[in-house]
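Visitor: Please show me the structure, and then let us proceed by questions and answers.

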Amino acid sequence: MTTIERAPVREQGPVQEVSLARVSRVELRKMFDTRSGFWLMASIVIAALVSTVATILFAPDADLTYYTFAKAIGFPMTVILPIIAILSITGEWTQRSGLTTFTLVPHRNRVILAKVIASVFVGVAAMLLALVVGVAGNLVGTAITGTELVWDVSVAHFLLIVLGSLVCLLTGTTLGILFRSSSVALVAYFVFSLVLPTLWGFLTASQDRFLDWQPWLDSNYTQAPLFDGSITGDQWAHVAVTTTIWLLIPALIGLGLVTKSEVK
Amino acid sequence: MSTLQAKELTKSYGGRTVVDDISFTAQAGRVTGFLGPNGAGKSTSMRMMVGLTKPNSGGVTISGCTFRDLPNPGRQVGVMLDASAQHAGRSGREILTLAQQMMGLPARRVAETLAKVGLSEANADRRVGGYSLGMRQRLGIAVALIGSPSVLILDEPANGLDPAGIRWMRDLLREFADRGGTVLLSSHLLHEIEVIADDIVMIRNGRIVSQGSKTELLRAAGTTVRARDMGALERALRESGLVTSRSADGALDVDADPTVVGGVAMESGLALTELRTTDGGLEDIFLELTASSPRGGEAA
């Protein structure tokens, strides 16, 4: 012991409430401060660079437009971002750090909301990074091949891609809240994003009525126009409905479970 | 000052009552020991105190406020429930920094608190996954102390500490209570509680079986007494209506307070050579009170 406090222990005067902004900042820090967290974040940058180089090397010269780069960089993002969102939530249970987190902030909804804010922040930052890397890729790529520079992604289209990616990311958050276990939530995410689309493929091929249901139930299908930038009135309704079914309702159920559950 | 008050705290899981109508008060300026065999409901009670588990009925208040209503709990109540419940990939310093930031404290508090709990700079930068249990306990205490709270709630804080570490912990908690702080600590080890606690709450199968100050409880254990004339002493005590028995080493064990025994000896003009509370008194009480526990002594 190097210091011995002799001042009397006293109740602290009016203590300020732990603000949402402060919890969000701490939660953001927690996404980077482990080796696995750090590499997961680094993988966003690495994936963006690898995709860009691969596009320059392997895409046909005629296809070397900005949208090609955006698509190539965007795909790994939609895989990595939900994983980041899942682990941010489930770590509290799987690593049991929630014992400390939820005693420092007993309002669990506030902790979850802070994690959503931190995840969205990372998501938006990742999309901006993708934008910049894509621009660089397009400039360098066309310079190498000597083809014409084509900027075929409008600001509106970029915003739609950001929106689509955030919906993907929040799907991860929802699964994390719902299952509160890293392994279960990750498996659920891969079933959701890889198995379900295949299943829909079979169903729609076998029976026509599934073709009618698909726009209202298959979220992978309804989100595609967001990434194409071609979304229209009806398709907005489809996205709204599938997002409510697959994201909003399970998230609310999960929040109820999180508040009620015991943290051990 | 801050007191911690549990009122009719009850929790059951699918019909099995784990914590049954527990009421007690941990006073400011005192160390309250929460004692019971493994699986007696200590940890569940402590989780309910800090809002991690919802009680079926009853509740806990800290200076009249429920834990959930504390605006910045870490600055008012220092909590350590399980020193191993930390992300193994973070360094000790990082975990303490997260607590410091969450509570909105100045950054220098991290180094100060590390020094206070005796975690070296080098160890603080290692990942917690490689920590010994004793180092984890020190880090857990650091997280509990960093906000300068007035109440400490610690579940088995001496687990995994070496004798020097236990001594350090004892001095730390003693000093905290002497400065007016409220300490509630649990243990299944009687000796730990015996040396540090001022007040003891003993529980078995989720129920309080005994509570009071340590002095009171020890008094209940009886008195060991010797005199030059053992025969006369025994007669005098029996004539006063006290129950006595000879212990193996020839002393008399009396079922009464040392004050009473001393008084009887004086009235009879007997010179005493020894007068004290019976050895291991709390242990006898503890074993007696917890003996019929169906799960007594077994791991939780």
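Visitor: Are V77(B), G78(B), V79(B) and M80(B) of strand β5 of chain B buried or exposed?

Guide: This is a predicted model, in which local features need pLDDT of at least 70 and side-chain atom pairs count only at pLDDT 80 or more, while totals for chains, interfaces and linings use all residues. Residues are numbered from 1 along each chain as its sequence is written, and chains are lettered from A and ligands numbered from 1 in the order in which they are written. A residue is buried if 20 or more other C-beta atoms, placed from the backbone, lie within 10 Å of its own, exposed if 12 or fewer do, and partly exposed in between. Strand β5(B) (residues 77-80) is covered on both faces, V77(B) and V79(B) lying on one side and G78(B) and M80(B) on the other, and all four are buried.

Visitor: Which residue in β6(B) stands opposite V77(B)?

Guide: Strands (E, at least two residues) and helices (H or I, at least four) are DSSP runs numbered from the N terminus, and two strands pair if DSSP finds at least two bridges between them. Strand β6(B) (residues 151-155) pairs with β5(B) in the parallel sense over 4 bridges. Within this pair, V77(B) faces V151(B).

Visitor: Which are the edge strands of the open sheet of 6 strands in chain B?

Guide: The pairing in this open sheet is mixed, and the order of its strands is β5-β6-β7-β3-β8-β9 (chain B). An edge strand pairs on one side only, and in this sheet the edges are β5(B) and β9(B) (207-213).

Visitor: By how many degrees are neighbouring strands of this sheet turned against each other on average?

Guide: Axes are lines fitted to C-alpha atoms, for helices over the stretch in contact, and angles run from 0 to 180 degrees between N-to-C directions. For neighbouring strands of this sheet, with direction ignored, the average turn is 10°.

Visitor: What angle does the direction of helix α6 of chain B make with that of β5(B)?

Guide: Two residues are in contact if their C-beta atoms, placed from the backbone, lie within 7 Å. Helix α6(B) (residues 133-145) packs on the sheet and touches β5 and β6 of chain B; the angle with β5(B) is about 160°.

Visitor: Why is one side of β11 and of β13 of chain B left without a neighbour in the sheet?

Guide: These strands belong to an open sheet of 4 strands with antiparallel pairing, in the order β11-β12-β10-β13 (chain B). Because β11 (244-246) and β13 (272-277) of chain B stand at its edges, each has a single partner strand.

Visitor: What is the bridge partner of T224(B) in β12(B)?

Guide: Strands β10 (residues 223-227) and β12 (residues 252-254) of chain B run antiparallel and are joined by 3 bridges. In one of these strands, β12(B), the partner of T224(B) is D253(B).

Visitor: At what angle does helix α11 of chain B run to β13(B)?

Guide: Helix α11(B) covers residues 258-267 and lies across β10, β12 and β13 of chain B.

Visitor: How many charged residues has the side of chain B that touches chain A?

Guide: The contact takes 36 residues from chain A and 43 residues from chain B. The largest share of the side of chain B, 6 residues, comes from α3(B). Ala, Val, Leu, Ile, Met, Phe, Trp, Tyr, Cys and Pro count as nonpolar, Asp, Glu, Lys and Arg as charged, and the others, Gly among them, as polar. By class, this side has 18 nonpolar residues, 16 polar ones and, as charged residues, 9.

Visitor: At roughly what angle do the axes of helices α7 and α8 of chain A cross?

Guide: Two packed helices are described by the angle between their axes and the distance between the axes. The axes of α7(A) (residues 182-206) and α8(A) (residues 209-217) come within 7 Å and cross at roughly 145°.

Visitor: Which residues of α8(A) make this contact?

Guide: On the side of α7(A), the contact is made by W200(A), L203(A) and T204(A). The residues of the contact divide into 4 nonpolar, 2 polar and no charged. Those of α8(A) are F210(A), L211(A) and Q214(A).
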